[in-house]
Amino acid sequence: AAAWPDAPQLLRQMMERLGVAPEPLLGDPSLRRELAWNCVACPNRSQCRRWLKSAKPADGYRSFCSNASGLDRLTAAQAATG
């Protein structure tokens, strides 16, 4: 829980960087909890912060982010609806 203060902010920034709208999470409480918990428990916060500040490729998060599969699901769902 050491990440708690900045976990929601990092998750929001990650979603913004990936162009993922937050609205789908409102309709999927299970996924919202999963993403929030993964971010709180993440051992890679410093790598995440560096990636968010960098110009590295957008798919680079997959190598360290414990939310990669959930973010990919949101990205795919967003692409399918819009």
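**Helix packing and side-chain pairs**

Trainee: In which crossing does α1 pass α3, right-handed or left-handed?
Mentor: Right-handed: that is how α1 passes α3. A crossing is right-handed if the near helix is turned clockwise from the far one by less than a right angle, and left-handed if anticlockwise. Helices here are DSSP runs (H or I, at least four residues), numbered from the N terminus.

Trainee: What is the angle, and how far apart are the axes?
Mentor: α1 and α3 pack at about 115°, and their axes are 9 Å apart. Axes are lines fitted to C-alpha atoms over the stretch in contact, and angles run from 0 to 180 degrees between N-to-C directions.

Trainee: Which residues make that contact?
Mentor: Ala7, Leu10 and Leu11 come from α1, and Leu35, Ala36, Cys39 and Val40 from α3. Contact means heavy atoms within 4.5 Å. Seven of the residues are nonpolar, with no polar and no charged ones. Ala, Val, Leu, Ile, Met, Phe, Trp, Tyr, Cys and Pro count as nonpolar, Asp, Glu, Lys and Arg as charged, and the others, Gly among them, as polar.

Trainee: What kind of model is this?
Mentor: This is a predicted model, where local features need pLDDT of at least 70 and side-chain atom pairs 80 or more, while totals for chains, interfaces and linings use all residues. Residues are numbered from 1 along each chain as its sequence is written, and side-chain values use heavy atoms, without hydrogens and water.

Trainee: What is the mean pLDDT of the chain?
Mentor: It is 88, and 94% of the residues reach 70 or more; pLDDT is the predictor's confidence in each residue, from 0 to 100.

Trainee: At what angle do α1 and α4 pack?
Mentor: About 40°, with axes 11 Å apart, and their crossing is left-handed. The contact residues divide into six nonpolar, one polar and three charged.

Trainee: How many salt bridges are there?
Mentor: Five in the whole structure; each is a side-chain nitrogen of Lys or Arg within 4 Å of a carboxyl oxygen of Asp or Glu. Asp6 forms one with Arg49, the closest N and O atoms being 2.2 Å apart.

Trainee: Why does that pair tie together parts apart in sequence?
Mentor: Because Asp6 lies in the segment before α1 and Arg49 in α4, the pair joins parts 43 residues apart in sequence.

Technical notes: Helix = DSSP H or I, 4+ residues; strand = E, 2+ residues; numbered from the N terminus.
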